[in-house]
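Biologist: I would like to learn how to read the features of a model such as this one, taking them one at a time. Could you give me the general idea of each before turning to the case at hand?

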Amino acid sequence: MSNELSADEIALYDRQLRVWGAEGQTHLKNSRILLLNFTSLGCEIIKNLILAGVGSVEIYDSDTVKEQDFSAGNFFLSESELAKSKVDQAIIDRVRDLNPRVNVTARDEPILWEEHKNMEYFRRFNLIIANNLSYEETVKLNAITREAGIALYLTVNHGIYGLAFNDLLINVSTYVDFKNPLARVVGPISRNSEIVKVEKFYDEESEKFKERFTVKSQYKPFIDTYTSSAFANLTKRKRKNVSELLSLFLSNLQTPTSDPTELISKANELQTKLQLNPLSEQTINTTVPSFLEQQGTEIAPVSAIMGGALAQDIINFISKKVEPMDNLMIFDGVNYSMPVYEM
Amino acid sequence: MTKDHNLKVILGEEKYNQIHNSKVLLVGAGGIGCELLKDLVLLGFGEIHVVDLDTIDLSNLNRQFLFRHKDIKQPKSTTAIKAVSGFNFHNSKLVPYQNSIYETDVFPLTWFDSFDLIFNALDNAEARSYINKIGLFLNKTILETGTTGTKGYVQATIPGQSACYDCTFRETPKTFPVCTIRSTPSQPVHCVHWAKNFLFSSLFGEDDDSVEDNSLEGKDASELGTDNQEELQALMKESNELIELKRSIVDESFEDKVIEKIFVKDIENLLKIEELWQQRTKPTPINYTPEYKAEILKITKEQLGTGQKLWTLEQNLSVLISSIRNLQARYSATTPIEFDKDDEDTLDFVVASTNIRSHIFNIPLKSKFDIKSIAGNIIPAVATTNAFIAGFSSLLSLGIFNNPDAFKDTRAIFASEAKDRFLSSGELDHPNPKCSACSVTRGVANIDLSLTFRQLIDALVEKYGYDEEIALSVGSKILYDLDLDDNVEKSFTELKVKYGDHLEILDETDVKGTVELYIETNTDGKITLPELVIPDKPKPVEEKKSEEDEDDDDDLEVFEENDEDELLIVEEKSIVSSVGGKRKLEDAEDNEPKKVKV
């Protein structure tokens, strides 16, 4: 563990130290990140994390660069790498060049999810970001991260639609904020979180009272989202407002299909299980066709938006300055919304 | 599959082709600009022109991801374009300009008119207002963005339909009464202000510009914050002694003279004014003796660390002494020194004198890191928010492009810190009828600058049916009104009116609304005025009581100027609610620029 920032680091990171402080920066410096699948969204997330100054990043991808990758938004690729490994030396050198202080490595040897020896591999990291895994891979990876105590961020995206999920195990962090009109009290604050400690103090700088409070959040594994009671007690209006992309993504991940009827029927089953309304006409007629048509595609603005939001969330988690999301986010690029659901 | 596969599937063939054949302008290649340029290139916009006057600094590299350490001091515009050409998969034509956007010879109105869309990625309100006006003159849509730390916004201006950049009232930076700064500070920021704007500039700045906002002349009691004659006398004496002191800047004993005057004698003099200390804690002058100084001089650079930790009084004095010595060596009457947060000597001087003064007045000391932030108006900035905001700017542009219903279809986006969402969005607002920018009727006039103002006035009267009671001005300069008719026989050239100026015509009979003409020039002896429909000046209306938006539990914003590449602060509410014509009348008044006669 290195705890002191050098004068050079302070000069380089000046503008961000004013957001998360030297302590937050030190936490970042000691973090070891694994990126599974070098998608366009993956490229945006690690770009932001490398600029922020995390300790190390390993990029895993066993695929080769394809013609269509040049319109997906991964800007570390260049056309001369067509048909080469997605983590070709030249590509990784470009990633490394972003911030020479970060140790960037690559792996293209396929990950054998069945073999337990992978535990040792995964244990080298304290946070894993996984893009576009299959349902089976997702479940296996989540079991591994739970057993090894590794934080996990999952993403799935189809064109202008996206989903992100995080499992931060049990996260206990202390935050400082201005005092609300109603003082914070020890006890549950949401489905998965409780405040375990609150201290009020006077902040001389702002000349206001602030609170130092410790939040304990019990994150849930990904499979629990399929049986979540998160929406059981919602008002009618709120229930209606829950993004139906949630069911489209989750059911399509579990049972991949390109048939709209099948997707609609699976998604409706899930809507029922989650105590949500049947899919709306709008979703069936407009969203489902474009969702299916855009399966497996990515585009730069969506990667930039989701990558910016998720990298900041990861920084919030690692730097312990701001509460990270809990635990499922939907990106809807048609309606310009990005809700977070505590499943 | 083809190289364009993703874009064609997501955008559709038609939109893809439109984008591919478009020409767009990106103003700014800083934090948001680098991100936007990347997005626009990856989307395959046909032609992208990038304007940025600035060069690259070390502190940009944490977020302006197209730049590397080896690029420091290089122009942002050309470096950014070189960097993105590595992934210019769709062969966008890329054109950089290392110029100020205000250069009308490089960027005439016709040049702006050649773009389909303008992306703002600016760092200051003045440039945003300028581009806003250009958009209004040309009826061109602008996608405006800004970030501060983890906050940020994207907002489109669609002239004639949506609110424009200047429809929203922006807070002006806080000022302090002179006496708070000069004799009764109570917060670190007061001491920073004193150290930077009064002490530093008095000692090392230009002789006459010493301290305009801290001088006592021409100020009333409210600006001064006191009417205590004894106090004012003391402050006056202090200033005069400082001018005297500056004469000994070449002496070896200068450092001791400064410390003894500023941190001992001036404080003793203030203590004599008993009235000041009846309700306040008294300041304590430092005890500066040769023995004490000898101890101070033993402090090493290593002991001071990297500036994150608080320094003791003695450490501050040691930093002060060494910075004075460095500044003394650099100073001459012909090369005065300006404060710059990146100039270590000037920063050290300000940090140390701030803290010594804070110590004297029982105010908490601050680290060099923190004082740099206050003195340098540093705005926090991170890569993530810029990526997010630029991503939305480019995403929204796809929906705005060639869309006659853009006003209805697009949204204003704000990065949200609420737990249940990453953004909040709202419909675009309607124009504010009292806006000083978009309530004005605009057009382009073509004028031979050798002609006289009289000829212009005649032409205006004839063309638009004004009577002669009009006032003409450019920027803050009034060039003609009924009481100022000395100028009428002068030529435009004599009055320094030039290509690209915005000439404002105010109907002093209060019938017609305000008109602003963009001046283009000819040498054919002609004045050609545009066809305009000038609406009547709106009658003042009673303000309706404002309602709160039901959905605005968190989010903040409003925009403040800074020297870095990103801006804004304060409350999103004020934007959201202003973007509904709900803003208060007095705000509009404050937006009205003050004019001076020339």
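Biologist: How much area is buried between chain A and chain B?

Modeller: Buried area is the accessible area, taken with a 1.4 Å probe, that two parts lose on being put together, summed over both. Between chain A and chain B about 5400 Å² is buried, and carbon and sulfur atoms give 64% of that area. On the side of chain A, the residues A:R15, A:R18 and A:Y336 supply 18% of the area that this chain buries against chain B, which is more than any other three residues. This is a predicted model, in which local features need pLDDT of at least 70 and side-chain atom pairs count only at pLDDT 80 or more, whereas totals for chains, interfaces and linings use all residues. Residues are numbered from 1 along each chain as its sequence is written, chains are lettered from A and ligands numbered from 1 in the order in which they are written, and side-chain values use heavy atoms, with hydrogens and water left out.

Biologist: How many residues does each chain bring to the contact?

Modeller: With contact taken as heavy atoms within 4.5 Å, chain A brings 67 residues and chain B brings 62 residues. There are also 18 residue pairs in polar contact between the two chains, both partners being at pLDDT 80 or more; such a contact is a pair of N or O atoms within 3.5 Å, where within protein one must be able to donate a hydrogen and the other to accept it, and residues adjacent in sequence count only if both atoms are side-chain atoms.

Biologist: Which elements of chain A give two or more residues to the side that touches chain B?

Modeller: Helices (H or I, at least four residues) and strands (E, at least two) are DSSP runs numbered from the N terminus. For chain A, the elements that give two or more residues to that side are α1 (7-12), α2 (14-29), α3 (40-52), α11 (300-319) and β11 (328-332). The largest share, 10 residues, comes from α11(A). Sorted by class, the side of chain A that touches chain B has 33 nonpolar, 17 polar and 17 charged residues, where Ala, Val, Leu, Ile, Met, Phe, Trp, Tyr, Cys and Pro count as nonpolar, Asp, Glu, Lys and Arg as charged, and the others, Gly among them, as polar.

Biologist: Into which domains is chain A divided?

Modeller: Domain bounds come from an automatic or database domain assignment, which gives domain 1 (7-168 + 298-341), domain 2 (170-218) and domain 3 (222-293) for chain A. The centres of domain 1 and domain 2 of chain A, taken over C-alpha atoms, are 29 Å apart. About 660 Å² is buried between these two domains, with carbon and sulfur atoms giving 39%. A:K320, A:E323 and A:D326 supply 62% of the area that domain 1 of chain A buries against domain 2 of chain A, more than any other three residues. Across this interface the rule finds 0 salt bridges, and there are 2 residue pairs in polar contact, both at pLDDT 80 or more.

Biologist: Where is A:N327 found?

Modeller: A:N327 is in the loop between α11 and β11 of chain A, and the peptide bond from A:D326 to A:N327 is cis, with omega near 0°. In chain B, the backbone feature to look at is at B:N91, which has a positive phi of about 55° although it is not a glycine. B:N91 lies in the loop between α4 (76-84) and β3 (93-97) of chain B.

Methods. Salt bridge = Lys/Arg side-chain N within 4 Å of Asp/Glu carboxyl O.
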